[in-house]
Amino acid sequence: MELFISQIFNGLSVSSILLLAALGLAITFGLMGVINMAHGEFIMIGAYTTYVIQNIFKSNVPEKFFDTYFIVSIIMSFVIAGIFGLILERLIIRHLYGRVLDSLLVTWGVSLVLQQLARTIFGSSNVSVIPPSFVDNNLKVTQLLSFSYKRIFILIMAFICVALVAFIMYKTRAGRNVRATMQNRAMAASLGVNTNIIDAGTFAIGSGFAGIAGCALTFLGPIGPTIGTSYIVDTFMTVVVGGVGRIVGAITGSFIIGMGTSSFEFFTSASLGKVITFIVVIILLQIKPKGIFTISTRSLDD
Amino acid sequence: MNISVNTPVIEIKNASITFGNFKAVKNVTTSIGKNEIRFFIGPNGAGKTTLLDAICGKNKLSEGNILYNDGNREYSLPKIKEHKIVELGIGRKFQAPSVFSGITIQENMELAVAGSKGLFSSIKGNITKDERERIDDALNFVGLYDMKNEYPTKLSHGQKQWLEISMICVLKPKVMLLDEPVAGMGRRETEKTAELLRIIKNDCSIIVVEHDMKFVKDVSTSVTVLHEGSILCEGSIDDIQNNQQVIDVYLGRGGDKNVKN
Amino acid sequence: MESLRNKISGRNIVAILIFLFLLTAPFYMSSFRTNMISKYMCYALVAIGIDMIWGYTGILSLGHGVYFGLGAYCMAMYLKLESSGTGLPDFMTWSGLTELPLFWEPFKSPVISMILVIAVPTILALVIGYLTFLNRIKGVYFSILSQALAAAMATLLIGMQKYLGGSNGLTNFSTIFGKSVYLPAVKSAMYYITLAFLIGAFVICSILVKKRVGKVLVAIRDGENRTRFMGYNPAVYKVFVYCLSAVLAGIAGALYVPQVGIISPNDVNISPSIEMVIWVAIGGKGTLIGPIIGALVTNFGKSIISENFPELWSYFIGFMFIFVILLLPGGIVSLKDVPRRIINKINLYKEKKMDNEKNKKVLAKRQHN
């Protein structure tokens, strides 16, 4: 029983990271019809930002305030990754609207460049970040069952981010403009929505959330230039399974992929777990070829 | 108001189509006979295109049935896959001109004309002399013969419509479904299309969705008026134009004086 | 019509020149370089297949490393058994296996091995193609799935430490069909066999794209549903072209192994798979000579750059992705059109300017009136 519960907890923890990463991806994909393969590199940027900020704190801030570094890190990860996202959008992505496959290849190129950049700056070996002291312990429920505070913290963070995005998307004027542009770009534009700003802003914010995911990842282990790549496939699967452009899709998708991967890996082996997840996704897509939550259109070929 | 139907080729029986909670087509029953040119008219959102989509298999019926009689036997269309429906002799032209721009006009026609659309016959890839003649005839008729080795990107909007109609003609269908074939055409082009339809009619039945009332008047043998997913009235163009209900919801108070030009 | 004919024959001349170069290269190049070219020809073979499915049919597969790998592993298993004589392959003994696993048995026979080189990729492509295309999983959804396939296959191979050498892959081959792989004669035979396969694939695919099947593929690229309402079943054609490209990749993998001497999960993973696509883009998708040029040029460049500045390669290939797709979508093959395109752009700009001036004059006149 304990094993079962801790397994569910693990799955939830994996899901929450995927959700953080997929959130931005699902929205930008739905909004602009571009796939951003460099999204994983925004995770990496967030992680390295956290690393840099911790080092700054180490040498400049008295020890007892050291733990506050992570608050600064979360904010800075969001900002730095967001800025990178903005630059990428303005320089490259905006030329690729609607050309999904092309955008996929171009952004793959971007991700190669960013990875190499990280290697040049930080070296190719992994670096580690010391998590704040208050997440060091485990929450002991029974003798056998304990939850690590790190993972609980990440769960809470994911929850807050989703709530924030949902609030922005469904309760604010900006969010309404984003949804309008997503559904009918030309119409929104002719009604006075500045789609350029919407695109750039959404892309930047989506990238920012990937940065937060990267910040969260530093809790779980050392980070390296290719940390993004190891998450990107699962993140994309999340979007594909959940459906494009919907928050609820991202939540469902990350839950399925996260829980699936961790439990299959638990029952079989790490490598077989991946394969089984892949098969499950294919089977799911048999029933729902465009993901579980879709926005239906009437056009013949899109 | 009854239409004399010889042998119905298409029989739509109590068809309903829903998208989510929205009922786009409600309980529609009608039948189209041989050599008939039937028009579906009605305001936007009346369910005309949706009904065409249901016949050619693009939309699924939530209730009812659509029967098709090719002269030899009867088929229940909702059970058949789209490409099979085409093979059975139902050709469909979509609203936006949709020809293939990556291959030449001639090659577009060859795709359409090919007797067998299976993989192996495509690999063998030859078309017969008869098929070649049919292509030439069709292209000559619509005046695209001299351009046959060009790519369709060079064609005007009207020419693309014609190319697409010719592609469906060489399919030799028994039923042709045309969605706004003259939209975006000038008067002269429209008249030529009307002439084309009258010729095609000799070999098949045609169902047209169109807003151009002059065109409807010129070529229709019968008209079905749809409104909010149901049939409002059905009959010859004269019946329709004198029907008070139709005037109220669609044609406007001026009746046929209000014809669009 | 005339210009069309010119264009085709221009490309054919390029093709003939390239094949002439490849035919004669062993006579004036060092055996090291020849061996390199031979490796690139394997890549070119994959590229042709990817072009058939991406350039012509519009389906972007990011998982062709899987099929390359399957062909390569099949070949490698045969080579490994042959090299190990009557004993077990070395890595099996190291990881404590005492008996040959059952799925290795067929690879004792060279004939069955060669059949499996083709059959295994075909069967996987059939299954994956059937499951995805028949249910209309398309566009980017397919691309992401194919990428996940590459990731899954790579992790699976890494996990099979005992049975397939894990992350080290299969290596240390000494003989092929009883002859030492180090013999110059064997090497040059392998070179020409690879070239023969490359030319064969080029010719077969050239014929296919000229036949109606090629036009159907292009039609599917332009509008899949329209093709369906023309009476074709796109799923069948897509499965066909997917299998075709998988077989080409498999054969390429099988030719690659004895010449390079190693196959590992690294050659199957996401990165090499997507790199295969960029060869096609660099050379020019939608033409058959393009992918050959792309594979040869890119990999030659890779060797030169990595030999001298290993750091720079990632930047270089990264920027190539961005540059080619954004600015040169037709690839190297379209370079000859670039001057014309620039002239057209200038003319267009001039016309616009003139139009603007005309409009201004008209407006001024009207206001005057």
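User: Starting at the N terminus, in what order do the elements of chain A run?

Analyst: Before anything else, please keep in mind that this is a predicted model. From the N terminus on, the order in chain A is α-α-α-α-β-β-α-α-α-α-α-α-α, which amounts to 11 helices and two strands.

User: And how compact is chain A?

Analyst: Chain A is as compact as a globular protein of its length, because its radius of gyration is 19 Å and the globule rule gives a value close to that, 19 Å, for 302 residues. Along the principal axes, the C-alpha atoms of chain A fill a box of roughly 60 × 45 × 35 Å.

User: What share of chain A is buried?

Analyst: Of its 302 residues, 51% count as buried.

User: Is the crossing left-handed or right-handed, and which residues make the contact?

Analyst: The crossing of α2(A) and α4(A) is left-handed. On the α2(A) side the contact is made by A:G40, A:E41, A:M44 and A:Y48, while α4(A) brings A:S111, A:L114, A:Q115, A:A118 and A:F122. Sorted by class, the contact of α2(A) with α4(A) has five nonpolar, three polar and one charged residues.

User: Switching to chain B, how do α3 and α5 pack there?

Analyst: In chain B, helix α3 (residues 105-113) and helix α5 (residues 129-142) pack at an angle of about 125°, with their axes 10 Å apart. The two helices α3(B) and α5(B) are therefore oblique to each other, and their crossing is right-handed.

User: Which residues meet there, and how do they divide by class?

Analyst: From α3(B), the residues B:M109, B:E110 and B:V113 meet B:E131, B:R134, B:I135, B:A138 and B:L139 from α5(B). The residues of this contact of α3(B) with α5(B) divide into five nonpolar, no polar and three charged.

User: What about chain C, how many helices and strands are there?

Analyst: Chain C has 15 helices and four strands, and its C-alpha atoms fill a box of roughly 100 × 50 × 40 Å along the principal axes. Buried residues make up 49% of the 369 residues in chain C. Among the contacts in chain C between residues at least 6 apart in sequence, 80% join residues at least 24 apart.

User: How many residues does the contact take from chain C and chain A?

Analyst: The contact takes 39 residues from chain C and 35 residues from chain A. On the side of chain C that touches chain A, the elements giving two or more residues are α6 (139-159), α10 (224-228), α12 (270-283) and α14 (312-327) of chain C.

User: Which of those gives the largest share?

Analyst: The largest share of that side of chain C, 15 residues, comes from α6(C). By class, the side of chain C that touches chain A has 26 nonpolar, 10 polar and three charged residues.

Technical notes
Residues numbered from 1 in each chain as written. Chains lettered and ligands numbered in written order. Predicted model: local features only at pLDDT ≥ 70, side-chain atom pairs only at ≥ 80, totals over all residues. Left-handed = near helix turned anticlockwise from the far one by under 90°. Contact = placed C-beta atoms within 7 Å. Nonpolar A, V, L, I, M, F, W, Y, C, P; charged D, E, K, R; others polar. Rg over C-alpha atoms; globule rule 2.2 N^0.38 Å. Buried ≥ 20, exposed ≤ 12 C-beta atoms within 10 Å, placed from the backbone. Axes fitted to C-alpha atoms, helices over the stretch in contact; angles between N-to-C directions. Parallel < 35°, antiparallel > 145°, perpendicular 65-115°, else oblique.
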